[in-house]
Amino acid sequence: MTHTAAQGSPLAPEWLAVPADLNDLQEPMWAHDVARNGDGEVSIDGIPVSELKRQYGTPLFVMSENDFRARARAFSDAFNDAFADVCGGVDVYYAGKSFLCTSVVRWVEEEGLRLDTASGGELAVAHRAGIPGEDVALHGNNKSDAEIHRALDMGLGRIVVDSMAELKRVGSIAEARGEQAKVMLRLTPGVHAHTHEFIATAHEDQKFGLSMAADTTDEAGISAAEEAVAAAAAHPGIELLGLHCHIGSQIFEPDGFALAAEKLLRFLAAVQEKYSITMPELDLGGGYGIAYTPVDTPRPAAEIATAMAAVVRSTCADLGIESPRISIEPGRAIVGSTTFTLYEVGTLKTVRVDAPAASADGDAGNNVTYPRRYVSVDGGMSDNARPVLYDADYSAVLASRTSGAAAQLSRVVGKHCESGDIVVRDVYLPEDVAAGDLLAVPGTGAYCWALSSNYNYLARPGVVAVRDGSARLIVRGETEEDLLNRDMGA
C-alpha cells in the first residue's frame with residue numbers, strides 16, 4: 001500500500017504539525033521586519049529575496065540590523081529595570097562567539113552593551129572595531145600566553161579564569177608586566193540545564209570552570225573554587241572582581257539561572273565571612289533560548305530578568321549581604337532570530353519509508369509505505385553545522401513564491417559528501433517545490449556562520465545586513481581564489 005502526500009505523516013516527529021498555511025511565516029522564528037510582499041515573496045524590510053539572490057548569490061546569511069538592535073535594547077532595558085533596586089542595574093555583555101564581525105561590535109557598543117570574547121581572534125575583531133578595552137571580557141579554558149598579553153595590552157575589563165593553573169599563569173604574566181589583571185573566576189555550580197549534553201556547561205564532568213564541591217580527597221576539604229578565591233585575593237598580579245558561571249545554552253526556563261544565582265551568592269557570602277574577601281561583581285552568564293521551530297517557547301527578556309532579580313534580591317536579604325553588580329551574557333537570544341539563510345533548491349527526490357499504519361487507514365498494525373522527499377540546496381553542513389553537532393532542529397519555508405499545493409513531508413539536505421549533511425530534518429513544504437526555488441531557513445544568526453567551514457572546498461557564504469530598506473555586505477562571501485591563496489604547493 002502506498003500513502004500519498006497527506007495532512008501529516010507518521011514519519012514526522014510528534015511535535016511537527018502540518019501548518020494551517022504553508023505560506024505563513026510562523027512566529028517567533030523570524031526577525032520582526034521579515035514578511036511576504038504583495039507578490040508572495042519573502043522580503044526583509046521591503047527587499048525581496050530574489051533581489052538579494054541577484055545581488056549576492058546563495059547561500060546567503062540575511063540579517064536584520066534593526067531587529068538585532070531591538071533585541072539588544074530589550075535585554076539591556078529589561079535587566080536594568082528588574083535589577084535597578086537590587087544593584088543599580090546590570091552590565092550586558094553580548095556573547096560574540098555566537099556571531100561576530102566589526103559591524104556587530106559597533107552595534108553592540110552603540111546600544112550600550114559590552115562584548116564577551118573567547119579567543120585572540122575575537123579580541124582582534126573587537127580591537128579593529130574600536131570598542132574600549134574596559135568594555136570587553138575574555139573567556140576560554142585554555143588561553144595562550146599571547147592571548148593573555150593581548151588582553152592586558154587592550155586593558156580588558158575582565159579576564160574570566162577557568163582553573164587554578166590558568167589563574168597562576170595570568171597572575172604571573174601580569175605581575176611580570178608590573179600590572180594587575182582584572183579577573184573573574186568561573187565556577188561550576190552543579191546546576192543541570194535541560195539542554196543538549198554538548199551545550200550544558202555547569203555540571204562537574206566537563207572542561208569548564210572551578211568546582212564548588214568540597215574536595216573529599218584533601219585534608220582541608222575545601223573546594224577548588226574556594227582555593228582559587230583565596231589564591232586570587234593573595235596574588236599581587238590579580239585584581240579579583242568576582243565570580244562567573246554559565247549553565248548552558250538554548251535554555252527556556254528561568255529556574256536554572258535563578259538556582260545558579262542563589263548558589264553563587266551563598267558561596268560569595270561564605271567566602272566573604274571566612275576570608276574577609278569582598279567581591280563586587282557576579283556574572284550569571286547567558287544561554288537564553290530562541291525559537292528554531294514553531295513549538296519552541298522562548299521566554300521574553302523581561303520575564304527572565306524579573307525571575308532572576310527576585311532570587312538575587314531575596315537571597316542577598318536572607319544572607320545579610322549587599323548585592324554584587326550583576327552581569328549577563330546573551331548571544332543567541334540577541335542575534336539568533338535576526339537572521340535567515342537563503343538557499344537555492346537543486347535536486348529533489350522522494351524515497352519510500354515503511355512505518356506503522358496510521359489509524360485512519362483502518363489497518364493499524366500493518367506497515368505502510370510513506371513518502372519522504374529530499375530537497376537538496378546549494379549549501380549544507382559547511383554553513384550550518386548545528387544539526388550534525390547537536391541534532392538541532394530548524395524550519396524552512398518556500399521563500400521565492402507562495403504555493404497552494406498540498407503539504408509534503410520533506411528533508412532539506414546539503415550538497416556535501418556526507419549522509420548526515422542535513423539542514424532541516426523534518427519540515428512540511430509544498431509538493432510543487434522545484435529546482436530554482438528559493439528556501440529560507442530562519443534562526444541561523446547564532447553559531448552558523450561562526451561554525452562554518454570549507455568542507456568539500458565550498459566557499460563560506462557572505463552575510464548581508466538590511467536596515468531601512470537598504471542591504472549591504474558586512475562579511476564578504478569567500479571566493480575560490482580565497483580558498484586557493486593559502487595553498488602553498490604551486
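Modeller: What follows is a short talk about a few cysteines, an arginine and a histidine. This is a predicted model, where local features need pLDDT of at least 70, side-chain atom pairs count only at pLDDT 80 or more, and totals for chains, interfaces and linings use all residues. Residues are numbered from 1 along each chain as its sequence is written, and side-chain values use heavy atoms, with hydrogens and water left out.

Biologist: How many disulfides are there?

Modeller: The count is 0 disulfides, taking a disulfide as a pair of cysteine sulfur atoms within 2.5 Å. C448 is in no disulfide, and the nearest cysteine sulfur, that of C101, is 15 Å away.

Biologist: And is C448 buried or exposed?

Modeller: C448 is buried, at 1% relative accessibility, where buried means under 20% relative accessible area, exposed over 50% and partly exposed in between, with a 1.4 Å probe and protein chains only.

Biologist: New topic: where is R476?

Modeller: R476 sits in the loop between strand 21 (470-475) and helix 13 (480-485), helices (H or I, at least four residues) and strands (E, at least two) being DSSP runs numbered from the N terminus. R476 is exposed, at 53% relative accessibility.

Biologist: What joins the side chains of R476 and D482?

Modeller: A polar contact of 2.8 Å joins them; that term means a pair of N or O atoms within 3.5 Å, where within protein one must be able to donate a hydrogen and the other to accept it, and residues adjacent in sequence count only if both atoms are side-chain atoms.

Biologist: Which backbone nitrogen does the side chain of H246 reach?

Modeller: That of G286, at 3.1 Å.
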